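The following note sets out several points on the ligand site, the aromatic pairs and the backbone. Please read it alongside the model.

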Amino acid sequence: MRQPAELTPVPAITATASFQQLQAHSTAMREAQLRQLFAANPQRFAQMTVDAAGLLLDYSKNRLDATTMSLLMDLARERGVEAQREAMFTGEKINLTEHRAVLHTALRAPRGSKLVVDGQDIDADVQDVLQRVKAFTDKVRNGSWVGYTGKPISDVVNIGIGGSDLGPKMACLALRSYANPNLEMHFVSNVDGHDMEATLSKVDPETTLFIVASKTFVTAETMLNANTARAWFLLEGEEKDLAKHFVAVSTNAAAIVDFGIDPENMFPFWDWVGGRYSVWSSIGLSVALAVGFEYFSDFLAGAHAMDQHFRSAPLEQNMPVVLAMLGFWNRQFLDCSSVSIAPYHQDLSRFPAYLQQLDMESNGKRVTKDGKAVDVPTGPVIWGECGTNAQHAYFQLLHQGTDVTPIDFIAALRATHDLPGHHDALLANCFAQSEAFMTGKTGDEVRLDLQAQGLPSDEIEALVPHKTFPGNRPSNTIVMDQLTPATLGALIALYEHKTFVQGVLWNVNSFDQWGVELGKVLAKKIQGELSGQPEPEKHDSSTNGLIALARAAKSAYQ
Ligand SMILES: O=P(O)(O)OC[C@H]1O[C@](O)(CO)[C@@H](O)[C@@H]1O
């Protein structure tokens, strides 16, 4: 196989001097108790917080000390984080298996940023598409873009999946306080017809705009959903009316025309934008429609502020680098195989799902860029749910289960609603949880509580093990003043760059996703077998059995 020309050998991470020093240091730190670390150093909060782009990261409740941080920064330097970061920002083709540059940062750079890649004036192209997005969103929002019967648009349905759904859907929900209440946003992603059916039952073809969002414009789910929406529309409207109701966002202009969408209604982007990094491109059209172009620009500006910080701040004060190195420490040396995301903000309820794709599709890899097995564990499982709901669901396991799961708490200091009492209650819970995970509750403390309640000593001793909390469980807290378009942009960019830095440490390609391909190929084959023709091929006995069940169910009701 042809090796990409850009590939320079990178030593295994375990062979680096700073990794070995960290390993030695970790033996002592495994025994460290957060309670004692806080007691020994009253400056811990002041020393272990970083600020950037309207966000503050408090990482003091992690099982580490100043030496750990200094060794982690040595490792970041030894792995070439600074050089790789520059390679990304300047458009080098760091996505080696697809021979592509990785330039989502250029999508949020201000007008006039000079960057030419392969003869393409990136800034000119980005600004040109942004102007088209602005013109279109202005028309839809001010009612001058009308449907085929002359009525303004009341509903927008984004049809896309993965990066063409998760980012826009998460951002529309996160920014709902900034949105136009007369324009309802819907998202259909699943090939499961229940998803499309539920949405179509709520909208009217006369006033609905469909955005077919797909980088490749060949994704099976999106194409089936788009065709279904088109057929549904044509039950009322005519072919000539499609142009008023269907627009497309893609890098594949030819496929859009084949689908029958007017090229005038096409919003392009480029192969150097990865799907899971695409909310900043015209894939964010639904976000711009929901909140308007000015707020969309603020969203881009917030991300750009984080980009500038990431590109220029010394590693020790660099928020994405710090977050990445903490994650690496927990994964590598404290054996944490998952990270839980706990936004204490209901409007960020889709943020954990968004991060799942960003992080796990990027760093869920087991070979290095040069195809060798990685010699350490890579990307952890990312999961989570909003607080305080999560507290009443799975926090039990996080407090007292046998695995240690680091948590990222995310909170806004001020709400965007004015209901009395709620926000203090929310923040109190957020801060209380991180305190509880850190301090835990010792057997002696439990005993004292129970004695104060007057329980007999045999009952106390029976209860102590159940009511003891081990504590010493690491967490980060990320706070912002308010959830705004700008702080949301910064928050997403923070996690994008964190993911990038970890990919550099592990020397994996964070920008391809070959692991999703096998299932797609097999599904295509089985889909043919389910519909009756041809006869099922020989699979394993489980798959054969399941196919036979589905075929039998289908023929029983035909
Ligand atoms: O935007 P597209 O090309 O339809 O792809 C959707 C998603 O599918 C994936 O390729 C995975 O199958 C993601 O990386 C991507 O975000």
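A residue is taken as near a molecule if one of its heavy atoms lies within 4 Å of it. The model is predicted: local features need pLDDT of at least 70, side-chain atom pairs count only at pLDDT 80 or more, and totals for chains, interfaces and linings use all residues. Residues are numbered from 1 along each chain as its sequence is written, and side-chain values use heavy atoms, with hydrogens and water left out.

1. Ligand shell. There are 14 residues around the ligand, of which Ser 164, Ser 214, Lys 215, Thr 216 and Thr 219 come nearest. The shell comprises nine polar, three charged and two nonpolar residues. Here Asp, Glu, Lys and Arg count as charged, Ala, Val, Leu, Ile, Met, Phe, Trp, Tyr, Cys and Pro as nonpolar, and the others, Gly among them, as polar.

2. Ligand oxygen atoms. The side chain of Ser 214 places an N or O atom 2.6 Å from an oxygen atom of the ligand. For Lys 215, a backbone N or O atom lies 2.7 Å from a ligand oxygen atom. In the side chain of Lys 520, an N or O atom is 3.1 Å from an oxygen atom of the ligand.

3. Aromatic pairs. The structure holds 27 aromatic pairs, counted for rings of Phe, Tyr and Trp (its six-membered ring) with centres within 6.5 Å; planes under 30 degrees apart are stacked, over 60 edge-to-face and the rest tilted. The pair of Tyr 178 and Tyr 295 is edge-to-face, because the ring centres are 5.0 Å apart and the planes are at 75°.

4. Backbone. Most residues other than glycine have a negative phi, and most peptide bonds are trans. The peptide bond from Gly 387 to Thr 388 is cis, with omega near 10°. Asp 118, a residue other than glycine, has a positive phi, near 50°.

Conventions:
A polar contact is a pair of N or O atoms within 3.5 Å; within protein, one must be able to donate a hydrogen and the other to accept it, and residues adjacent in sequence count only if both atoms are side-chain atoms.
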